[in-house]
Amino acid sequence: MDGQGDPGLAPTANTNNVHHNKVKPPSVLEKLKSDKAYRGRVIQSLRLALSSLTLGVVFGQQGPAFLDLQIITNTDVETASAFFTSASCGYMVGSFISGFVHTKINNNVLMTIVNAGAGAASIITPHCSPYYLMIIIRFTTNMFCGGIDTLVNAEHMHIWGSEGRSLLQLIHFTFAFGGVLTPLFTEPFLAPKEIKNSNTEAQIFEFNMTSSELTLNITSNLTSNTSNNNTTVLLPRTTNVHYAFLIGGVISILISLHYVVTIFCEKKSKSSSDTHTQSVHDRKLPRPLYVFLILVLCFFYLVYCCVEDTFASFLMTFVVTEYDSVSKSEGAYITTFYWGSFAVGRFLSIFVSKYITAMKVVFIYTLFMIVAFAGFTISATFGHIGLLTTFSCMAGLSLSAVFAAGFSWTEAELLKVTGWVSSFILIGSSIGMMINPLIIGYLMENVSNMWFCYILLAETLLLCCVFYFLLLFNRCYINKCYGTIGEGRSLEIYVEPPKNETELNLMGNVD
């Protein structure tokens with residue numbers, strides 16, 4: 001079932017009546033040439049991949065630009081961590097709304113709205129200097145992002161069912177690729193790192209923003225052995241991060257335009273998404289058990305997103321604030337290395353998922369996560385930036401395949417991934433993204449930056465425990481009591497055309 005064959009490729013039915021006529025199913029290239037419906041489904045998944053690119057661009061910008069958003073809003077790490085919490089709330093709302101309207105409204109219309117909305121909100125973000133206005137715009141931006149994420153995953157599963165695993169990994173690869181691009185075009189517009197004076201007892205920061213320039217008024221009380229001097233130093237400090245947000249927003253809006261073209265060009269005939277093959281059967285579970293299964297699955301994704309999103313968002317902040325030798329530019333490049341390894345991991349997963357079942361992918365990659373974050377914590381403790389960067393890349397590789405493989409594993413062994421199930425999973429993810437930044441922001445500001453490492457390592461261990469529980473609970477209890485989920489095999493039968501009249505007569509006798 002899972003991990004067998006190419007995406008969307010229907011296995012040959014194994015029946016006695018047509019045993020002698022059974023042939024190997026056509027390859028992907030052959031189906032793309034000859035099967036119009038199959039080709040339409042592949043094209044539709046590639047469109048979804050473009051929207052996933054938008055998600056990666058908008059999400060990837062939140063981490064590298066975080067310190068500059070603090071400058072714009074005149075906040076510290078603890079206070080500004082509410083930006084991530086607000087963004088998570090918006091993501092949760094967007095996921096819920098998208099799960100409700102999915103299949104009720106044309107998906108191309110929905111994708112146009114959420115992509116264009118995310119782009120417009122991204123452009124507006126750096127111009128929202130009031131603290132509460134920034135919270136509102138972060139909520140709005142991620143509300144559209146939640147819509148993109150829910151619609152992309154739900155629509156792909158609606159098109160392919162338990163098939164299309166490689167295409168699902170491709171979709172999530174484009175998300176990572178967007179995350180790689182973002183730090184690269186964001187870094188040139190970041191403000192220089194603030195250099196603190198070791199002789200300064202207290203500093204009062206006042207921000208006056210005119211267009212793209214921020215004027216930093218620093219009033220310092222300097223002490224000496226003979227007298228106290230009050231000195232006011234006026235240092236111009238600029239941030240051009242609004243250009244980076246403009247680039248990201250334009251990319252998102254441009255991607256939304258191809259959906260507009262699709263809306264006007266699509267025929268009134270039956271959509272290709274309605275022609276996908278159905279599974280042979282699906283097991284029926286008691287409602288309490290079904291709800292419990294969804295809750296545990298949501299908790300699994302909640303913990304996973306706590307690790308993935310928090311690491312990507314706070315990585316630059318951690319290395320810049322913890323180590324005086326690391327500049328903001330170097331921090332941005334470390335983030336880029338992380339996103340690069342994350343993208344490479346997802347690209348490799350496109351091929352790995354064809355040969356390894358989704359369950360094994362999740363199993364292997366979660367173990368790899370423990371190694372990566374344990375190494376990251378040890379490297380951070382001893383302040384070895386080279387090893388820290390290496391383990392950041394390992395973390396990107398280990399995190400890369402879990403999200404998409406989790407969806408495939410759910411469809412293959414647990415339950416059918418409908419729009420609502422996808423919505424609930426992403427709502428659970430949003431809760432984790434909402435709570436974690438508050439906890440880590442508070443600990444980093446008031447206790448130690450190292451709590452960034454400790455929390456992530458603990459959550460990685462918890463993630464493994466939740467996965468193993470869900471795996472054993474399903475296989476040792478649910479499968480034995482209610483049977484396994486449908487094999488997800490296609491009902492299509494590929495029969496080689498008769499070569500002569502005798503063979504045609506034999507087939508007639510079989511019928």
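Colleague: Let's start with Asn74: how exposed is it?

Modeller: Exposure is judged by relative accessible area: under 20% is buried, over 50% exposed, and partly exposed lies in between, with a 1.4 Å probe and protein chains only. Asn74 has 42%, so it is partly exposed. Keep in mind that this is a predicted model, where local features need pLDDT of at least 70, side-chain atom pairs count only at pLDDT 80 or more, and totals for chains, interfaces and linings use all residues. Residues are numbered from 1 along each chain as its sequence is written, and side-chain values use heavy atoms, leaving out hydrogens and water.

Colleague: Where does Asn74 sit, and what is its phi?

Modeller: Helices here are DSSP runs (H or I, at least four residues), numbered from the N terminus. Asn74 is in the loop between α3 and α4 (77-101). Its phi is positive, about 55°, although Asn74 is not a glycine.

Colleague: And α3 itself, how many of its residues are buried?

Modeller: For α3 (residues 66-73), 8 of 8.

Colleague: Which residues have the most contacts inside the largest nonpolar core?

Modeller: A nonpolar core is a set of buried Ala, Val, Leu, Ile, Met, Phe, Trp, Tyr and Cys residues joined through side-chain atoms within 4.5 Å. The largest one here has 123 residues, and Phe311, Phe318, Phe376 and Phe452 have the most contacts inside it. Helix α9 (residues 287-322) gives the largest share, 22 residues. Contact means heavy atoms within 4.5 Å; leaving aside residues up to four places away in sequence, Phe318 touches Phe376, Leu388 and Phe452, among others.

Colleague: How do α9 and α15 cross?

Modeller: Two packed helices are described by the angle and the distance between their axes. Axes are lines fitted to C-alpha atoms over the stretch in contact, with angles from 0 to 180 degrees between N-to-C directions. Those of α9 and α15 (residues 451-482) come within 10 Å and cross at roughly 160°. That makes the pair roughly antiparallel, a label for angles over 145 degrees. The residues of their contact divide into 28 nonpolar, 2 polar and 1 charged.

Colleague: Last one: is Ser379 buried or exposed?

Modeller: Ser379, in helix α11 (residues 358-382), is buried at 5% relative accessibility. Beyond residues up to four places away in sequence, Ser379 touches His384, Leu387, Leu388 and Phe391.

Conventions. Helices (H or I, at least four residues) and strands (E, at least two) are DSSP runs, numbered from the N terminus. Angles under 35 degrees count as roughly parallel, over 145 as roughly antiparallel, 65 to 115 as roughly perpendicular and the rest as oblique. Ala, Val, Leu, Ile, Met, Phe, Trp, Tyr, Cys and Pro count as nonpolar, Asp, Glu, Lys and Arg as charged, and the others, Gly among them, as polar.
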